[in-house]
Amino acid sequence: MRELFDDELKKLHGRFVEMGLNISEQIYYSTKAFIDHDKKLAAEVIEADNNTNGEEMKLEKQALNLIALQQPVATDFRIIISILKASSDLERIGDHAVSIARETIRMKGTPRIPGVEKEIGKMTDEVRDMLEKALDAYSKSDEKSARALSEQDVGVDKEYLLIRDEITKAVEANSETMPASSSYLMVIRLLERIGDHIVNLAEWIVYSASGKIVELNPGKANPELVNKLYSEEVIEEDKDKGPNKGSK
């Protein structure tokens, strides 16, 4: 009976990681569609979200079946609960990727800001790196690596602020970019929220590995650091470096 349970739990782990990798691709393609002004690709991302929702439902059903039929011990139960909670965050990340794709379709042929779009591409790379590190930490039950994602999220927050500042300057220099700027602000906000959900994933990884309930969200775990980050002083210090440079 134990061997059967271990086999089913292994399948559950595999399904979760596969779901995470698929969502990482969604983030990439949704932002690529936005930067390349590719409405066809954006529509494909939106359509693919149905598969993501289906994956989450299958994962939940599999996890609940394990609990109901196999009567897991406390450690196993903790792992299964962590997967259920973390899969919910993955699903929300997928929703944000779809929102980015929808923003691509919503935008009209308004003047763009190429420099901002380049930095959005870099911010996308950063959040995808976070997600892939989270999935690797999950696979290895690596509590230390999971905790480190909180610090990386501070870097993503900094990128968000710096790009926001670049958008403001661009609009001040050319008011015709105003319509596009609202979409840029929406996309970087969604990417910042994806970073927050990845931190939530990290918290469930720590719980699964150690049984400890931790707060890794930078705004709650280290409010002084975040307050400093959001100060004009920090933004001014990093302006000359350009977006995405200060966190590397």
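Residues are numbered from 1 along each chain as its sequence is written, and side-chain values use heavy atoms, with hydrogens and water left out. Because the model is predicted, local features need pLDDT of at least 70 and side-chain atom pairs count only at pLDDT 80 or more, while totals for chains, interfaces and linings use all residues.

The protein has nine helices and zero strands, where helices (H or I, at least four residues) and strands (E, at least two) are DSSP runs numbered from the N terminus. Of the 248 residues in the protein, 48% are buried, meaning under 20% relative accessible area with a 1.4 Å probe and protein chains only. Contacts (heavy atoms within 4.5 Å) between residues at least 6 apart in sequence join residues at least 24 apart in 84% of cases.

Next comes the interior. A nonpolar core is a set of buried Ala, Val, Leu, Ile, Met, Phe, Trp, Tyr and Cys residues joined through side-chain atoms within 4.5 Å. The largest such core has 56 residues, and Phe 16 and Leu 191 have the most contacts inside it. At least two residues of this core come from each of α1, α2 (39-70), α3 (74-106), α4, α5 and α6, with α6 supplying the largest share, 13 residues. A second, separate core has five residues, including Leu 41, Ala 42, Val 45 and Ala 101. Leaving aside its neighbours within four places in sequence, Phe 16 is in contact with Leu 59, Ile 83, Ala 86, Ser 87, Leu 90, Leu 135, Tyr 138 and Leu 201.

Phe 16 also belongs to the lining of the largest cavity. On a 1 Å grid over the protein atoms alone, a cavity is a set of points where a 1.4 Å probe fits but cannot get out, whereas a pocket is an open set with protein on both sides within 12 Å along at least five of seven lines; lining residues have an atom within 4 Å of a point. Grid points are joined across faces, edges and corners, and a volume is the space filled by probe spheres set on the points. The structure holds one cavity of 30 Å³ or more, and the largest cavity contains about 70 Å³ of space. α6 gives the most to its lining, with four residues. By class, this lining has nine nonpolar, two polar and no charged residues; Ala, Val, Leu, Ile, Met, Phe, Trp, Tyr, Cys and Pro count as nonpolar, Asp, Glu, Lys and Arg as charged, and the others, Gly among them, as polar.

The second largest pocket holds about 160 Å³ of space. Among the residues lining this pocket are His 13, Ile 79, Tyr 138, Ile 205 and Ser 208. The elements giving two or more residues to the pocket lining are α1 (2-36), α4 (114-140) and α6 (178-210). Tyr 138, Ile 205 and Ser 208 are also among the residues that line the largest cavity.

Gln 152 counts as buried because its relative accessibility is 14%. Its side chain makes a polar contact with the side chain of Asp 129 (2.9 Å); such a contact is a pair of N or O atoms within 3.5 Å, and within protein one must be able to donate a hydrogen and the other to accept it, with residues adjacent in sequence counting only if both atoms are side-chain atoms.

Notes
Buried means under 20% relative accessible area, exposed over 50%, partly exposed in between (1.4 Å probe, protein chains only).
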